[in-house]
Amino acid sequence: MSRGTVIATFRYRHEAETAAGFLRYRRIASTVFADDAGGSYPAMNSAGARLVVPTADAEEARKVLADAGVTTE
């Protein structure tokens, strides 16, 4: 993903991965960025986990997550 937009930030990686699953179901590419050594050290992740999608899909992705009740729009 060369250009992306952060559409949501979550406290924990598993929350971001769940949201990414909703997007994957709708065929929207996404990437989770979390500084927790790949999930090995979740306590290190003080910045939370960011969910990034291609900029062109950002609006639709936000709507998908809001409709699923994962985030508020």
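Analyst: The discussion below takes up the overall fold, the core and then some individual residues. This is a predicted model, in which local features need pLDDT of at least 70, side-chain atom pairs count only at pLDDT 80 or more, and totals for chains, interfaces and linings use all residues. Residues are numbered from 1 along each chain as its sequence is written, and side-chain values use heavy atoms, with hydrogens and water left out.

User: In which helix or strand is confidence highest?

Analyst: The predictor's confidence in each residue is given as pLDDT, on a scale from 0 to 100. For the protein the mean pLDDT is 86, and 78% of its residues reach 70 or more. Confidence is lowest in strand 2, at a mean of 90, whereas the highest value, 96, belongs to helix 2.

User: What pattern does the protein follow along the sequence?

Analyst: Helices (H or I, at least four residues) and strands (E, at least two) are DSSP runs, numbered from the N terminus. The protein has two helices and three strands. Read along the sequence, their pattern is β-α-β-β-α.

User: What percentage of the residues of the protein count as buried?

Analyst: A residue is buried under 20% relative accessible area, exposed over 50%, and partly exposed in between, with a 1.4 Å probe and protein chains only. The protein has 73 residues, and the share that counts as buried is 30%.

User: Which residues touch the most other members of the largest nonpolar core?

Analyst: A nonpolar core is a set of buried Ala, Val, Leu, Ile, Met, Phe, Trp, Tyr and Cys residues joined through side-chain atoms within 4.5 Å. The largest one has 17 residues, and those touching the most other members are Ile-7, Leu-23, Leu-51 and Val-53. At least two residues of this core come from each of strand 1, helix 1, strand 2, strand 3 and helix 2.

User: Why are the buried residues of helix 2 on the same side of the helix?

Analyst: Helix 2 covers residues 58–67, and its buried residues are Ala-58, Ala-61, Val-64 and Leu-65. The arc is that of the directions from the helix axis to the C-beta atoms. These residues lie on the same side of helix 2 because their arc around the axis is only 125°.

User: What covers that buried side, and which exposed residues does the face turned away from it carry?

Analyst: The cover of the buried residues of helix 2 includes strand 1 (4–10), helix 1 and strand 3 (49–54). On the face turned away from the buried side, the exposed residues are Glu-59 and Asp-67.

User: Is Ala-20 buried or exposed?

Analyst: Ala-20 is placed in helix 1. Contact means heavy atoms within 4.5 Å; leaving aside neighbours within four places in sequence, Ala-20 is in contact with Ser-30, Val-32 and Leu-51. Its C-alpha atom is separated by 9.0 Å from that of Val-52, 32 residues away along the chain. Since its relative accessibility is 4%, Ala-20 counts as buried.

User: Is Arg-24 buried or exposed?

Analyst: Arg-24 also has its place in helix 1. With a relative accessibility of 56%, Arg-24 counts as exposed.

User: Which residue has its side chain joined to that of Thr-5 by a polar contact?

Analyst: Thr-5 lies in strand 1. A polar contact is a pair of N or O atoms within 3.5 Å; within protein, one must be able to donate a hydrogen and the other to accept it, and residues adjacent in sequence count only if both atoms are side-chain atoms. At 2.9 Å, such a contact joins the side chain of Thr-5 to that of Thr-55.

User: What is the phi of Arg-27?

Analyst: Arg-27 is found in the loop between helix 1 (13–25) and strand 2 (31–34), and is exposed, with a relative accessible area of 78%. Most residues other than glycine have a negative phi. Arg-27 is not a glycine, yet its phi is positive, at about 60°.

User: Which residue just after helix 2 takes a positive phi?

Analyst: The value of this phi is about 80°. The residue that takes it, just after helix 2, is Gly-69.
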